[in-house]
Amino acid sequence: MFTLYTRANCPLCDEAKLMIQLVNEDIPIPYKEIDIESDDALHEKYALMIPVLEKDGEIIVYGNIGYIDLVEALEN
């Protein structure tokens, strides 16, 4: 299970969700979305990095997440 850290009114987060949906058509990416605004520790940790996609506590990809970036990160 992947975790996508986002926040409201974040164009990069919206773009990341769209890229995940596109990649999900070929490579399953089950994920839960967490709003970093809901937790002070998460906000402090990820405020300058979002969106952040993690798996098992390890950051897979963050920031401007494009389709190719996501596919390459999942293949590693």
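Is Glu-33 buried, exposed or partly exposed, and what is its relative accessible area? In this predicted model, in which local features need pLDDT of at least 70, side-chain atom pairs count only at pLDDT 80 or more and totals for chains, interfaces and linings use all residues, Glu-33 has a relative accessible area of 39% and is therefore partly exposed, a class that lies between buried (under 20% relative accessible area) and exposed (over 50%), as computed with a 1.4 Å probe on protein chains only. Residues are numbered from 1 along each chain as its sequence is written, and side-chain values use heavy atoms, with hydrogens and water left out.

The structure holds 3 salt bridges, a salt bridge being a side-chain nitrogen of Lys or Arg within 4 Å of a carboxyl oxygen of Asp or Glu. Side chains of opposite charge can pair when their charged atoms come close. Glu-33 meets the side chain of Lys-17 in such a bridge, at 3.1 Å from N to O, and this pair links distant parts of the chain, with Lys-17 in helix 1 and Glu-33 in strand 2, 16 residues apart; helices (H or I, at least four residues) and strands (E, at least two) are DSSP runs, numbered from the N terminus. The side chain of Lys-17 also meets that of Asp-14 in a salt bridge (3.8 Å, N to O), and because Asp-14 and Lys-17 are 3 residues apart in helix 1, about one helical turn separates them. Asp-14, with a relative accessible area of 48%, is partly exposed, and Asp-14, Lys-17 and Glu-33 are linked in a network of salt bridges.

Glu-37 and Arg-7 likewise meet through their side chains in a salt bridge, at 3.3 Å from N to O. This pair, too, links distant parts of the chain, since Glu-37 lies in the loop between strand 2 (31–35) and helix 2 (40–46), whereas Arg-7 lies in the loop between strand 1 and helix 1, 30 residues apart. Glu-37 counts as partly exposed at 45% relative accessibility, as does Arg-7 at 26%.

Turning to the strands, strand 1 (residues 2–6) and strand 3 (residues 52–55) pair in the antiparallel sense over 4 bridges, where pairing requires that DSSP finds at least two bridges between two strands. In this pairing Phe-2 stands opposite Lys-55 in strand 3. Strand 3 also pairs with strand 4 in the antiparallel sense, over 4 bridges, and Leu-53 stands opposite Val-61 in strand 4. Strands 3 and 4 form a hairpin with 2 residues between them, and Asp-56 in the turn has a positive phi of about 55 degrees.

Both Leu-53 and Val-61 belong to the largest nonpolar core, which has 13 residues and in which they are among those that touch the most other members, together with Ile-20, Val-23, Ile-29, Ile-65 and Leu-70; a nonpolar core is a set of buried Ala, Val, Leu, Ile, Met, Phe, Trp, Tyr and Cys residues joined through side-chain atoms within 4.5 Å. Strand 1, helix 1 (11–24) and helix 3 (67–75) each supply at least two residues of this core, and helix 1 gives the most, with 4 residues. A second, separate core of 8 residues includes Cys-10, Cys-13, Ile-36 and Leu-42.

Tyr-62 lies in strand 4 (residues 58–62) and counts as partly exposed at 47% relative accessibility. Leaving aside neighbours within four places in sequence, Tyr-62 is in contact (heavy atoms within 4.5 Å) with Met-49, Pro-51 and Val-52.
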